[in-house]
Amino acid sequence: MIIIAVAAGVYFLTHKTTTTTTTTTPTFDTSVLTDIAQPAAPDSLDPATGFYVQDGPLFSAVYQELVEFNGSDYHEVVPVLAENYSVENDYNSFVFNIRPYATFSNGMPVNASDVWFSLYRTILMGQGVGISNYIGLLFNATQYSTDGNIALPWGVCDAIQNVTGIHTEGNANLTAKILSQILSNFNPSNTTIMKIMEYPNQAVVVLGNNKVEVNLLPGIHYKFFLTDMASWWGAIVYPGYIDAHGGVQYNQQNDYINQNGAIGSGPYVISSVQTGFSQITLKANPNYWANGHSVPVVAQPAKIPNIVIYYGLSHTDRLEEFDKNQAQISYVSVPYISQMESGYYNSSASSAILDNLGETPGVFYISMNEQVFPTNITDFRLALEHAVNYTDLLDLYSVNGNILAKEFLGPISPTFPGYYNPDNLPMYSYNLNEAIHYLQLAGEQGKFYVTLPNGTKIGDTSGSPLPTLDIYTLSPVPQIMQEELTIVEQDLAQIGVSANIKAVAASVTDNWDSGSSTPALVQLGWVPDWPDPVAQQLIPLTDINDGGLSGDLAWMNVSTLTQMYNTLPYITNTTEQEQLVGKAYNITYNNAPYIWLPYPSTYYFVQPYIGGFQYNPYVGYFYNMMYYKYAPITDLDRNINIKQSRKDLFSFYI
């Protein structure tokens with residue numbers, strides 16, 4: 001998905017009012033954890049609609065999937081609602097046996113029909129969640145585009161027609177209406193509905209009360225599918241609650257579920273929601289099915305009874321409330337890390353509050369649109385590649401001698417060994433002579449010239465001067481991104497290219513739906529929805545079919561790649577797949593569609609007395625795994641001369 005924010009504080013929604021003005025920390029309640037790390041609110045509380053990064057921690061706490069990521073290890077899944085599973089037909093089918101004791105938070109059992117309902121609902125609603133993650137896998141892309149963008153799980157037309165006799169084959173509108181009615185009045189005890197769910201040739205097949213089969217499109221073999229289902233678009237929700245609050249309509253959101261959430265099976269339930277999602281409170285699920293059972297660590301019961309999440313706090317609030325020990329998890333962008341540490345209420349523990357989680361999958365870039373002048377000239381793009389001082393960009397992320405970012409050659413992240421840069425191509429080097437060489441060639445082709453700082457004109461001196469180029473980014477621009485773009489602007493000036501930073505609202509990007517309407521230079525980023533380096537990083541950023549905000553803002557159009565991508569994601573032989581990725585990397589490298597910017601490390605500020613903080617880039621962090629290692633020492637404790645034994649305990653943990 002496109003990254004529209006690179007640091008905390010990009011979007012402020014509702015600010016919490018801070019009433020405490022003294023530096024004295026109040027007596028502490030270890031039954032509550034306060035999280036103020038998310039600078040923007042969720043876009044929805046419905047896992048079939050919400051599609052922002054900040055949704056992850058809440059969704060992970062309230063909803064569950066058949067399989068989930070193994071904590072911080074996003075290359076491995078573990079069975080959660082499923083007791084076990086098997087992979088059939090060379091990654092075309094997946095059979096899950098559901099835990100017979102798994103229940104929703106209202107005590108109702110989780111069974112196979114709930115899986116059918118939940119996955120079909122997510123697809124039929126036609127929101128970004130279902131479309132982005134199941135197209136070409138559980139529903140046909142061609143059918144979707146030719147039938148008015150109606151997403152139908154493959155085979156459901158046949159299932160309905162076979163059972164009811166209604167002619168739904170080839171009629172997407174009728175099928176969508178009938179499926180909406182089935183899901184909105186869901187009754188698995190109804191013989192007709194049960195026969196439709198049991199029909200064998202479709203995306204999800206109910207094989208028994210606690211056994212369900214998920215089938216990819218015929219002929220599709222996809223080894224990363226389980227990691228796709230492990231995120232919240234694989235969430236299983238209680239059908240009765242959905243139907244009692246608006247039901248399911250194709251290509252529509254459910255406003256009530258958006259605002260209030262659904263009933264899930266997770267270790268927490270939503271207790272209260274403030275206007276604008278400024279504050280959401282979670283409480284431990286009183287009916288949690290995993291109590292007393294052996295389950296993977298991501299499914300363990302909650303240890304802290306209450307979670308209070310404040311969204312959209314200002315930078316100042318996120319800094320001060322953590323430093324005063326009024327919150328347990330927070331975040332500020334790189335330029336303010338030292339300020340957070342220096343202001344921390346317990347100076348002896350200030351070095352222990354930054355939890356640096358290191359590299360995560362994703363890329364930041366300046367795209368160079370290959371469909372508009374002058375970035376449609378390959379030599380011009382290569383000139384810009386060699387004009388940027390990448391070392392200066394990386395130095396912006398230096399904190400206390402550590403670099404909290406990494407420079408690498410996209411479009412795939414180094415977190416995918418074997419797929420990342422298989423042929424070890426060199427990084428584009430900062431080399432002004434090389435940049436001027438390519439710029440001379442580009443000017444001759446494009447009939448333009450530039451004037452170097454020493455007054456020398458290069459290019460076609462009989463042509464037109466190169467106009468000032470705008471580098472588009474999103475407003476408001478975080479400080480560190482402003483500094484990065486300023487460096488790029490200054491670097492380009494060294495080769496006579498005048499650039500101007502132009503910040504625009506996110507809504508402006510909605511118009512970038514063609515090569516001709518997309519600016520020549522755009523600073524944005526991309527993160528994969530699930531850990532597939534091919535279908536989620538390489539292809540979106542380099543395939544013309546994903547042009548625009550679907551990924552390829554460079555509007556790169558290479559027929560060799562387009563043909564290769566028809567089959568590349570579905571090759572199950574890893575060695576063969578990596579070799580073809582190497583070929584795609586070479587083509588992309590020589591095409592030079594992006595200036596790859598440093599990708600920041602992931603980090604949070606976590607109080608030293610909190611244990612069990614684990615992060616996964618695809619779902620966030622896990623509230624149910626967190627616990628208090630001990631009650632925190634406060635300024636109030638110090639004022640009454642706390643016992644030395646407690647001081648020693650605190651020192652041990654920091």
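Predicted model: local features only at pLDDT ≥ 70, side-chain atom pairs only at ≥ 80, totals over all residues.
1. Aromatic pairs in total. The model holds 43 aromatic pairs, where a pair requires ring centres within 6.5 Å. Two of these pairs are described below.

2. Phe 59 and Tyr 63. The rings of Phe 59 and Tyr 63 lie 5.6 Å apart, centre to centre, with 65° between their planes. Because planes over 60 degrees apart count as edge-to-face, this pair is given that class. Phe 59 has a relative accessibility of 2% and is therefore counted as buried. Tyr 63 is likewise buried, its relative accessible area being 0%.

3. Tyr 603 and Phe 605. A ring-centre separation of 6.4 Å and an angle of 85° between the planes make Tyr 603 and Phe 605 an edge-to-face pair. Tyr 603 is buried at 2% relative accessibility, and Phe 605 is buried at 0%.

4. The aromatic cluster. Tyr 603 and Phe 605 also belong to one aromatic cluster.

5. Helix α13. Why is helix α13 described as largely enclosed by the rest of the structure? Helix α13 spans residues 378-387, and nine of its 10 residues are buried, so the description follows from that count. The buried residues include Phe 380, Leu 382, Ala 383, Leu 384 and Ala 387. Asp 379, Arg 381, Glu 385 and His 386 are also among the buried residues of α13. A residue is counted as buried when its relative accessible area is under 20%.

Definitions and conventions: Residues numbered from 1 in each chain as written. Heavy atoms only, no water. Phe/Tyr/Trp six-rings, centres within 6.5 Å; stacked < 30°, edge-to-face > 60°. Buried < 20%, exposed > 50% of the residue type's maximum accessible area, 1.4 Å probe, protein only. Helix = DSSP H or I, 4+ residues; strand = E, 2+ residues; numbered from the N terminus.
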